[in-house]
Amino acid sequence: MMQETLWIPYTQMKTAKEPFRAKAAKGSWIELDDGRRFLDGVSSWWVNLFGHGDPEMAEALANQSATLDQVAFVDFTHSAAEELSKLVLSELPSSLNKIFYSDNGSTAVEVALKLALQYWHNQGENLRRRFICFKGGYHGDTFGAMSTSAPSLFNRPFEPFLFNAFFVEFPERGGGVEEKEERVLNQIAQELSLRSKEYAAVLVEPIVQGVAGMRFCRPTFLQRLERLIKSFGLLLIYDEVMTGFGRTGEWFACRLSETQPDLICLAKGLTGGYLPLSITVASQKVFDAFYSDEREKAFYHGHSYMANPIACRAGVVTMQRLKRNPKIFQSFAQRYTPFLESLSSHALVANLRVQGTILAFDLVSQEVSGYSNPIGKQFQALAFEESLYLRPMGNVIYLMPAYTILDDELAFACNALNRVLNKM
Ligand SMILES: *Cc1c(COP(=O)(O)O)cnc(C)c1O
């Protein structure tokens, strides 16, 4: 029984039901101890790109662990870290050229925030301490990440300890988007014209706000945001922890939007979902502010397992496979098309939307939209009965499968969504 020793995250242990017990996973399927099988509709929390139990990955990781398992990534570097950094940079805008390793999405964000603050500090601009962030945003559960994420159930107990950020609306695609974008950009321009010297950077989830409920913005909004904040000299930080490595249908959201942030945070898909690893990518401009004869201008931040060779090897395999066949993430808009009509015609489905490999819709519900809406739990339970693993966010239902999901498995998932909708 889990209650004896395990404390499950995001879970009220007193009232929660026992989690399922996973025994094995192969391709898009998760197998339980009791013999049941679930189609993994959410890539095991947005990380798994090539399915589970992938032989190419397993072999590469076994070889790496037998050759070089771990080394202090301060006095040593290694080929896996070097290869991976070259491969990642080869698909990013050329202005980005330094890779800083850490080991999860929250720390990738934490590193970006600290780099942005010290970037100004190193130049004697100690008053630039604030960030502009987006309502609904989610950047992780560490303190900097919580401070820049939208206030929520998750971070309420810590509110007195969080630094204060300036939050603006995320202009979601759809009705009235022009006015929303105009309003946001005006609000930022107004704030910056009053006190731009107090601001270090803008932090945004580009193209897709994930945890907020798969809310999509237009690429042109990011272009205008980039122009605006660069005209005031602030740094632009993209949290691509979820959108990176093909999720949006392009390699990265910065490429989709043809924008060039100063810092990018990457994690989730980086290792194909095999091992924890993350990257904060910095531009030459940011790097140069730390490059000095003065010791105190160095960046004093690190983690025991950063750039772990086995994790980096998983990253190398991931990048090689994506480069070999980018169609596996580019083709999803097309692959979803046959299923859109029946889903969108359902009375309970509103705002059906697709961005790259993500399909999402809002369940029509009497209760307020948002994470706490209980209708998602009900939908999830019915989906389990259809052998489909989903993890709705409030009344937002979405599919985010591994890129290798087979056509008949994708059809299985979409048909299961329809059957669940009919039972609601
Ligand atoms: C998941 C996520 C994070 C946090 O990553 P962890 O690895 O869970 O710490 C940060 N930002 C975004 C956009 C995410 O989706």
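Let's start with the loop between β10 (235-239) and α8 (253-256), because that is where F245 sits; helices (H or I, at least four residues) and strands (E, at least two) are DSSP runs, numbered from the N terminus. This is a predicted model, in which local features need pLDDT of at least 70, side-chain atom pairs count only at pLDDT 80 or more, and totals for chains, interfaces and linings use all residues. Residues are numbered from 1 along each chain as its sequence is written, and side-chain values use heavy atoms, with hydrogens and water left out.

Back to F245: its phi is positive, about 60°, although it is not a glycine. F245 is also buried, with a relative accessible area of 0% (buried means under 20%, exposed over 50%, partly exposed in between, with a 1.4 Å probe and protein chains only).

A307 has a positive phi too, near 55°, and is not a glycine either. You'll find A307 in the loop between α9 (284-288) and α10 (309-324), and at 1% relative accessibility it counts as buried.

Now, the ligand. What surrounds it? The residues are W46, N104, G105, S106, Y138, H139, G140, E205, D239, V241, M242 and K268, each with a heavy atom within 4 Å of the ligand.

Let's look at some polar side-chain atoms there. One of S106 lies 2.6 Å from a ligand oxygen, and one of N104 lies 3.3 Å from a ligand oxygen. For K268, a side-chain N or O atom is 2.6 Å from an oxygen of the ligand. A polar contact here is a pair of N or O atoms within 3.5 Å.

Definitions and conventions. A polar contact is a pair of N or O atoms within 3.5 Å; within protein, one must be able to donate a hydrogen and the other to accept it, and residues adjacent in sequence count only if both atoms are side-chain atoms.
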